[in-house]
Amino acid sequence: MTFSLINAVFLALAAAVLALARRRRGRPRAAPLLAAVAVLVVLTAVFDNVMIAADLFAYGSDRRLGVLIGRAPVEDFAYPLGGVLLLPALWHLLRPGQEGP
């Protein structure tokens with residue numbers, strides 16, 4: 001199994017939960033989500049590169065696309081995106097209050 005396939009499954013599930021949250025509670029504001037994605041992508045780029053350079057972990061080259069940002073594989077950037085999709089959607093769904101329209 002490749003990292004891209006794992007990411008696709010994870011992102012599809014996160015997008016499904018976000019779609020459910022939007023259907024039940026209305027559309028969450030986009031600006032805070034975009035700001036969170038920007039911050040998390042920058043942090044992922046910095047810290048992944050530092051950890052890979054320090055040999056804390058490595059990726060099998062046969063399971064990646066081969067596209068790197070510094071030393072970090074592009075597949076690593078799906079996790080912050082998935083988190084930004086999933087966590088606010090769960091918060092939106094699980095908070096008490098009235099149903100949306």
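Angles under 35 degrees count as roughly parallel, over 145 as roughly antiparallel, 65 to 115 as roughly perpendicular, and the rest as oblique. I need that for the helix pairs below.

**Ground rules.** I am working on a predicted model, where local features need pLDDT of at least 70, side-chain atom pairs count only at pLDDT 80 or more, and totals for chains, interfaces and linings use all residues. Numbering runs from 1 along each chain as its sequence is written, and side-chain values use heavy atoms, with hydrogens and water left out.

**Entry: H1 against H3.** I looked up the axes of H1 and H3 first: they come within 8 Å and cross at roughly 25°. Helices (H or I, at least four residues) and strands (E, at least two) are DSSP runs here, numbered from the N terminus. Axes are lines fitted to C-alpha atoms, for helices over the stretch in contact, and the angles run from 0 to 180 degrees between N-to-C directions. H1 and H3 are therefore roughly parallel to each other. I also noted the hand of the H1 and H3 crossing, which is left-handed. For the record, a crossing is left-handed if the near helix is turned anticlockwise from the far one by less than a right angle, and right-handed if clockwise.

On the H1 side I find, among others, Ile6, Asn7, Phe10, Ala14, Val17, Arg24 and Arg25, and the H3 residues they meet include Ala78, Tyr79, Gly82, Gly83, Leu86 and His92. Sorted by class, the contact of H1 with H3 has 17 nonpolar, four polar and two charged residues. The classes: Ala, Val, Leu, Ile, Met, Phe, Trp, Tyr, Cys and Pro are nonpolar, Asp, Glu, Lys and Arg are charged, and the others, Gly among them, are polar.

**Entry: the aromatic pair.** How many aromatic pairs does the structure hold? I get one. The ring centres of Phe10 and Tyr79 are 6.2 Å apart and the planes sit at 50°, so this pair is tilted. The cut-offs: rings of Phe, Tyr and Trp (its six-membered ring) pair if their centres lie within 6.5 Å, and planes under 30 degrees apart are stacked, over 60 edge-to-face, the rest tilted. Phe10 is in H1 (residues 3-25) and Tyr79 in H3 (residues 78-94), so the pair ties together parts 69 residues apart in sequence.

I checked accessibility too: Phe10 is partly exposed at 28%, and Tyr79 is partly exposed at 36%. Buried means under 20% relative accessible area, exposed over 50%, and partly exposed in between (1.4 Å probe, protein chains only).

**Entry: Asn7 and Glu75.** Asn7 is in helix H1 and is buried at 5% relative accessibility. Leaving aside neighbours within four places in sequence, I see Asn7 in contact with Glu75, Ala78 and Tyr79. Glu75 itself sits in the loop between strand S2 (72-73) and H3. Is Glu75 buried or exposed? Buried, with a relative accessible area of 4%. Not counting residues up to four places away, Glu75 touches Phe3, Ser4, Asn7, Arg64 and Leu65.

**Entry: Leu86.** Leu86 lies in H3 and counts as partly exposed at 22%. Beyond four places in sequence, Leu86 touches Ala14 and Val17. I also took the C-alpha separation of Leu86 and Ala21: 9.7 Å, at 65 residues apart along the chain.

**Entry: H2 against H3.** Helix H2 (residues 30-53) packs with H3 at an angle of about 145°, their axes 9 Å apart. This crossing of H2 and H3 is right-handed. From H2, I list Leu33, Ala36, Val37, Leu40 and Thr44, which meet Pro80, Leu81, Val84 and Pro88 in H3. That contact of H2 with H3 has eight nonpolar, one polar and no charged residues.

Entry: Asp55 has a positive phi of about 60° although it is not a glycine. Most residues other than glycine have a negative phi. I place Asp55 in the loop between H2 and strand S1 (68-69), exposed at 66%. Leu94, in H3, is exposed too, at 69%.

Notes
Contact means heavy atoms within 4.5 Å.
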